Amino acid sequence: MGQVKSPVSRAAGGTPVALDIRGVSKHFGGTKALSEVSMRVRKGKVHALLGGNGSGKSTLIKVLAGVFPADSGTFSIATREYDSGQYSSSDAQASGLRFVHQDLGLFDDMSIEENFALDAGYPTGIGSKIRWKQLYNRVRDLLIAYEIDADPKTKIRSLRPSDRTMVAIARALQDQDADDLILVLDEPTSTLANHESSLLLEKVRRRADLGQTVILVSHRLQEVLSVAHDFTVFRDGEVAGTLIDAAPSEDELIELMAGRTIGALKPSGGVSHQASEEILRIHDLYSGPLKGINLAVNRGEIVGIAGLVGSGRSSLIKSIFGVLRPRQGSILFRGQPFEPSGVHQAMTAGVGLVPEDRGREAGFADLSVRDNLALGQLRENWVRGFMPRSRESSIARALIERFKVRVSGPEALFSSMSGGNQQKVILARWLQRSPTLLLLDEPTQGVDVMSRADIYAAIRVSVENGSAVIVASSDMSELHALCDRVVVVRNGQITDELDSSRIDIDLLNRLVLKDAS
Amino acid sequence: MTATKVAQDSSGSLRRRSNFSVVSILENYALVLLLALVFVFFTVNPQSSSTFPTLANLNVILGSQAVVSLVALAALFPIVAGYFDFSLGAIAATAQVASAGLMASAHAPLWVAVLVPIIGGGLIGVVNGALVSRLQMPPFVTTLGVAILLAGLIQWFTNGQSIVAGINPAIMQFGSSRLLGLPTVVFVVLAVAVAAWYFFTHTPYGRSLYAIGSNASSAKLVGIRVDRNVWTSFIISGVIAGGAGVMQLSRQGSATAGDGNSLLFAALAAVFLGATAIKPGFFNVVGTIVGAIFVSISVSGLTLSGASGWASPVFNGLALLVAVGLSTYLGRRKRRS
């Protein structure tokens, strides 16, 4: 248990080193993205790279991939020595680094074997005829080795999410003896539900036990803790701490990442809101996969919806927001029957939604932060027939400050910000309307701990000011930290309800998974 | 601590502003600068210096760019929302033939011959919008189909002949009349342009079109009625294109049995050139007008320098390619920065 909390790493126990990075620095214009970073990855171990958005870990991954060269520093991979100036992406490939990114780059409508062949080439016979039998056998053996229970002819689309990631991993490692390769997993679990990511990480850990070297980048600390041997924590472009063969607590890691303790991630102590005004009452609702939902939410209350993808949690939220039209049942909003014919009516009534998929359903990537905020208030910003930019800018500046968005100004493009800051802008878009009911679908997916703390704090302020909040999440620690009450949705029905004294992460995970596949 | 932080911030924003003033002003006004250069070139070029910089020629340029500008403004509405209306040239041509036909064959009063084609343009827009937003048909092929259909109907109606006789002289007088020394049609374009500018920058509807063009799913989830607004953009577009057809009749005094494609291509060149200026990376009204004037001045200068009839389509094609290339590049760079 040799814990070394200094920027200089030392391989413990004489394990051979697969990757040794020494004094790597990188500037972008005037900003220092990496300064004198050193780290050592031991062969056959899982090494976690941690840090908030903008801490430098993504820059280091890109330097390793040869996307851009570092300004100074050297690294050795296996037995080869590289000077950072001359290192290119072909060197990364030749030295045995293999990257699997969050976007897996699989062809969903093609079979597993075709996905393998498109990467490594089809085995061919006389006259360039594809030898399908040979391909099939090779891929079948690989699938067995990587514990993927599927036939090579299966379409990627019909695989379970964790198996898709495993296919991408097996594909990346197919061309050589995997033990000589270093697998870099960049946010592999950020779009997976809890049980899917634990399945995936168990398999990754077993690969490591067999000798696979893995570098893992993830925001989900609990998962990282369950699988990693070594940790390198980044903060502001520097290595804030290195832990070799250690078992740190989540709080220790957060403190290293943030440079301070963060209280907002802890439960604030749930409160009963039985006595306050009833904002929402759903009675016997059938909509999409939902089969007879009953739910009431009071003013000042944060209600969590725990459920897997496909359980109906997103359908419930979309039915309240006027996106889905219920087949049967009734919704009362502040005591009045509520049947919004579309999103605009739900908005006018005082409902807001932060959708699950930030990039596809919430953000306007090529528009400015000012536009992204103002588009939530188009009618309200239209005063006496005009929408002056100066007023929008000053509103945007105030929101940027209030929600602690790290951005150069209102005219910066939405896409220029990190995920956490983008999510703060989306949240600010809705909270500027002081909604009576705020619906949040996976509010902190792919968001670093520091931004997550800011987002939780903003949500708590809004309920103190009289909003009611519904949070749908597959992250049980999120529901544990935020909610006064959690309902569990399974197969389109509410199966359990837990008040704050009974909310427990393990219990929630068990309830969500009960008789699921 | 706070004081130094504030000082840093203010110096940072100062640096950004000075950056802003040099590079981005140059970028915003590059097309205007190019326009001035082209103007100077044809003024000093010995082959065109006697005819190009005359008041009479400038009036011809302004008059002929008016119709192109109007079609370009029409095209702007669906394009901002990310949709493409290929039928606008054909709508203008149909309106021109319809207006001439109403006067020549039906002896309709002037107001009927002006209003009916404009309303007709709007109705074609209703059909386009319904097909694209309600039935979710791909906009490019759909409006191309409508364009071919309209061109066929023009051929059927005119038998391939131009309508020359029986045009109400009042409409021709309007087309050649002057106001404050400039062609009157220029003021019509100016009025439409100001209205369009107000629409795009100062109404929720216009802003929502930019949002739809950026991300339709996100637009829907901030309460924008995407289908309805896209549909409306096709209707507005059809009305303006119909007006452009009537204006073309007033300028030419006759209606040829054309398909309006040359008008559409010049207008598209103007729209895409416009996206490289004023608000680079975004389709915008002022840029579109500058683009239309640029195209007209260049074509006029080339013609007066002795270039043949092929010069104009070749120039429009090149301008369109360069403009699309530039605006794609600007958009991509914008997204990366």
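This is a predicted model: local features need pLDDT of at least 70, side-chain atom pairs count only at pLDDT 80 or more; totals for chains, interfaces and linings use all residues.
Which residues in α8(B) meet which residues in α11(B)?

**First selection: α8(B) and α11(B).** Select residues 184-202 of chain B for helix α8 and residues 226-252 of chain B for helix α11. On the α8(B) side, the residues that make the contact are V185(B), V188(B), V189(B), V192(B) and F199(B). They meet I236(B), I240(B), M247(B), S250(B) and R251(B) in α11(B). Sorted by class, this contact comprises 8 nonpolar, 1 polar and 1 charged residues.

Next, display the helix axes. They lie 11 Å apart, and the two helices pack at an angle of about 170 degrees. Because angles over 145 degrees count as roughly antiparallel, α8(B) is roughly antiparallel to α11(B).

Show the residues in contact: 34 residues from chain A and 25 residues from chain B. The area buried between the two chains is about 2,500 Å², with carbon and sulfur atoms giving 61% of that area.

Across the interface, 2 salt bridges are found. The residue pairs in polar contact between chain A and chain B number 13.

Highlight α10 (343-349), α11 (358-362), α12 (369-374) and α14 (419-431) of chain A, each of which supplies at least two residues here. The largest share, 4 residues, comes from α11(A). Coloured by class, this side of chain A shows 19 nonpolar, 7 polar and 8 charged residues.

Conventions: Residues are numbered from 1 along each chain as its sequence is written. Chains are lettered from A and ligands numbered from 1 in the order in which they are written. Side-chain values use heavy atoms; hydrogens and water are left out. Contact means heavy atoms within 4.5 Å. Buried area is the accessible area (1.4 Å probe) that two parts lose on being put together, summed over both. A salt bridge is a side-chain nitrogen of Lys or Arg within 4 Å of a carboxyl oxygen of Asp or Glu. A polar contact is a pair of N or O atoms within 3.5 Å; within protein, one must be able to donate a hydrogen and the other to accept it, and residues adjacent in sequence count only if both atoms are side-chain atoms. Ala, Val, Leu, Ile, Met, Phe, Trp, Tyr, Cys and Pro count as nonpolar, Asp, Glu, Lys and Arg as charged, and the others, Gly among them, as polar. Axes are lines fitted to C-alpha atoms, for helices over the stretch in contact, and angles run from 0 to 180 degrees between N-to-C directions. Angles under 35 degrees count as roughly parallel, over 145 as roughly antiparallel, 65 to 115 as roughly perpendicular and the rest as oblique.
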